[in-house]
Amino acid sequence: MGAAVLFALVGCFTYANFYLAATPFRLNSAKLGSIFLVYLLGVVITPQSGHFLDRFGFGHTTIVYCAMMIAGLLLTLIKSLPIVIIGLAIFSSGVFVAQAAATVQTGAIAGRARSSAAGLYVTFYYLGGSVGATLTDWFWRWKGWPGCVALLGGVSLASLWLARLSSRSLEQPGSAEIELIGD
C-alpha cells in the first residue's frame, strides 16, 4: 500500500512539472518549484488523518484517501492553472491521509514484529517511489499528462485494493500473532 502511494506521489509531481512547463501553462523553474508548496498541507492533513482514522476507521479512511487522490488527478486535466494547483493540493492531501493509514495498518498487522514491519514498509515505500518515477515516464511518452493521470489513478485504486487486502489479514484469527523472521 505504501509503495503504491509513493509511486503515485513521485510520478505525479515529477511529470506534473513537465505538464506545467509546456503549453498552455509555460511555467518557469521558479514557478514550477513553488508548486511543491502544496506539500505544506501535510502539516495540517497528517494529524487530522489520525483523528479521522480514530473516528471513522481504516475502511472509510481508505475510501476517502483514494477518492481524494483520483479527484485531484482528474482536476489536473482541466487547463486552468488555479484548478491544476487545487487538484495537486487535493491529490497530495489524499497521499498524506494514505500514508498515515498505511503506517497505522502496518503497526496493526505487525503485532510484536513492529521493527521488522517498519523496515519492510520503508523499503517497499521507497521502491514504489523509484518505480513511480520510471514507469510514469513510459506513460508520459505514450499519452502525455492524460496517460500519466490514467496510470496514477490506476495505482491509486491499486493502493485501495491493497489496503482492503491488508484489512482481511486482521480479520483472520491469530493474525496479530504473525511474526517475521528474526523477531
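Helices are DSSP runs of H or I with at least four residues, numbered from the N terminus.

Before going on, please note that this is a predicted model, in which local features need pLDDT of at least 70 and side-chain atom pairs count only at pLDDT 80 or more, while totals for chains, interfaces and linings use all residues. Residues are numbered from 1 along each chain as its sequence is written, and side-chain values use heavy atoms, with hydrogens and water left out.

Let us return to the first pair. The crossing of helix 1 and helix 4 is left-handed, meaning that the near helix is turned anticlockwise from the far one by less than a right angle. Contact means heavy atoms within 4.5 Å, and among the residues that make it are L9, F13 and L20 of helix 1, along with L88, F91 and V95 of helix 4. By class, this contact has 15 nonpolar, 3 polar and no charged residues. Ala, Val, Leu, Ile, Met, Phe, Trp, Tyr, Cys and Pro count as nonpolar, Asp, Glu, Lys and Arg as charged, and the others, Gly among them, as polar.

Helix 4 has another partner. Its axis and that of helix 3 (residues 42–75) come within 6 Å and cross at roughly 140°, which makes helix 3 oblique to helix 4. This crossing, too, is left-handed, and the contact has 21 nonpolar, 9 polar and no charged residues.

Now follow helix 4 itself. Its 30 residues reach 43 Å from first C-alpha to last, close to the expected 44 Å. After helix 4 comes G111, with a positive phi near 60°.

A cis peptide bond joins T23 to P24, with omega about 10°. R26 lies in that loop between helix 1 and helix 2 as well, and its phi is positive, near 50°.

Definitions and conventions: Axes fitted to C-alpha atoms, helices over the stretch in contact; angles between N-to-C directions. Helix = DSSP H or I, 4+ residues; strand = E, 2+ residues; numbered from the N terminus. Parallel < 35°, antiparallel > 145°, perpendicular 65-115°, else oblique. Expected span 1.5 Å × (residues − 1).
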